[in-house]
Amino acid sequence: MTATPTSVTVGTTLGALAALLFLIADLYVILHMVHTIFAPKSKWPWLENMGKKWHPIHYFGNIALVIVMIVHAIIMAPYTGFWNWLLFALIVWMGFAGIMIRFSHISPKAKASLSRFHARWYMILIVLVLLVVAHLVSLQTFPYVLG
Ligand code: HEM
Ligand code: HEM
């Protein structure tokens with residue numbers, strides 16, 4: 001086992017930062033998914049209140065996440081494979097679609113179409129599954145010890 005290069009330490013630290021930003025920006029979205037899947041009929045007023053306040057955190061937290069993730073992915077590029085790049089494409093898509101839905105002046109019909117592939121509980125489920133699977137796959141061949 002050789003010593004971990006500084007670039008890899010920077011890369012994994014940015015990964016940890018990306019994970020933190022993801023959790024902050026999408027905590028409401030994850031809880032809302034849990035509610036939709038496991039208790040669709042029960043009312044969770046605290047979650048509704050949380051949802052009302054969540055929007056700016058969701059928008060700007062995720063824009064920061066996309067930027068940090070791109071740098072993380074470029075640095076980790078030598079140790080990645082197909083699943084990580086699929087995750088990369090999905091997160092870039094989510095960021096792009098979110099910005100179009102919130103900040104662009106395209107037609108309401110176009111925004112509704114984008115929303116079907118952004119603002120739905122199954123999209124956050126796909127992101128979470130892919131995030132875990134992609135990292136488990138690349139971890140098999142990752143040559144350094146994670147600190
Ligand atoms: C990794 C990045 C992102 C993920 C995984 C994500 C995921 C989601 C999900 C699952 C929803 C549905 C929320 C619900 O349960 O009701 C949603 C809603 C929404 N997202 Fe995102 N999103 C991301 C980035 C962004 C960005 C960068 C923006 C805009 C700057 C954005 C704008 C919106 C808007 C406008 C909605 C619908 C209305 C609202 O709740 O504000 N998203 N997002
Ligand atoms: C939302 C997106 C992402 C998050 C939250 C994330 C988070 C993380 C975290 C927390 C680590 C472990 C750091 C440590 O334990 O010190 C990590 C490692 C790693 N990440 Fe990411 N990452 C994301 C996207 C990506 C993408 C798009 C790529 C490549 C294209 C990538 C490639 C890697 C690699 C190769 C490692 C080394 C360990 C392993 O293979 O599992 N990551 N990431």
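Modeller: Gladly! A residue counts as buried if 20 or more other C-beta atoms, placed from the backbone, lie within 10 Å of its own; it is exposed with 12 or fewer, and partly exposed in between. Helices (H or I, at least four residues) and strands (E, at least two) are DSSP runs, numbered from the N terminus. In H1, Gly11, Ala18, Leu21, Phe22, Ala25 and Asp26 are buried.

Biologist: What kind of model is this, and how are its parts labelled?

Modeller: This is a predicted model: local features need pLDDT of at least 70, side-chain atom pairs count only at pLDDT 80 or more, and totals for chains, interfaces and linings use all residues. Residues are numbered from 1 along each chain as its sequence is written, while chains are lettered from A and ligands numbered from 1 in the order in which they are written.

Biologist: How many helices and strands does the protein chain have?

Modeller: There are five helices and zero strands. The C-alpha trace spans about 55 × 35 × 25 Å along its principal axes. Of the 147 residues in the protein chain, 13% are buried.

Biologist: Which elements do the buried residues of H1 pack against?

Modeller: Contact here means that two residues have C-beta atoms, placed from the backbone, within 7 Å. The buried residues of H1 pack against H2 and H5.

Biologist: Where is the kink in H1 centred?

Modeller: A bend at a residue is the angle between axes fitted to the seven residues ending there and the seven starting there. In H1 a kink of about 65 degrees is centred on aspartate 26, which is also among the buried residues of this helix.

Biologist: How many residues does the largest nonpolar core have?

Modeller: A nonpolar core is a set of buried Ala, Val, Leu, Ile, Met, Phe, Trp, Tyr and Cys residues joined through C-beta atoms within 7 Å. The largest one here has 14 residues, and Ala18, Leu21, Phe22, Leu65, Met69 and Ile91 have the most contacts inside it. H1, H2 and H3 each give two or more residues to this core, and H2 supplies the largest share, five residues. Leaving out residues up to four places away in sequence, methionine 69 touches Ala18 and Ile91.

Biologist: Which residues are closest to ligand 2?

Modeller: A residue is near a molecule if its C-beta atom, placed from the backbone, lies within 6 Å of it. Ligand 2 is surrounded by 23 residues, the closest being Thr12, Gly15, Ala73, Asn84 and Ser138. Helices H1 (6-38), H2 (45-76), H3 (82-103) and H5 (121-139) are the elements that give two or more residues to this shell, and H1 gives the most, with six residues.
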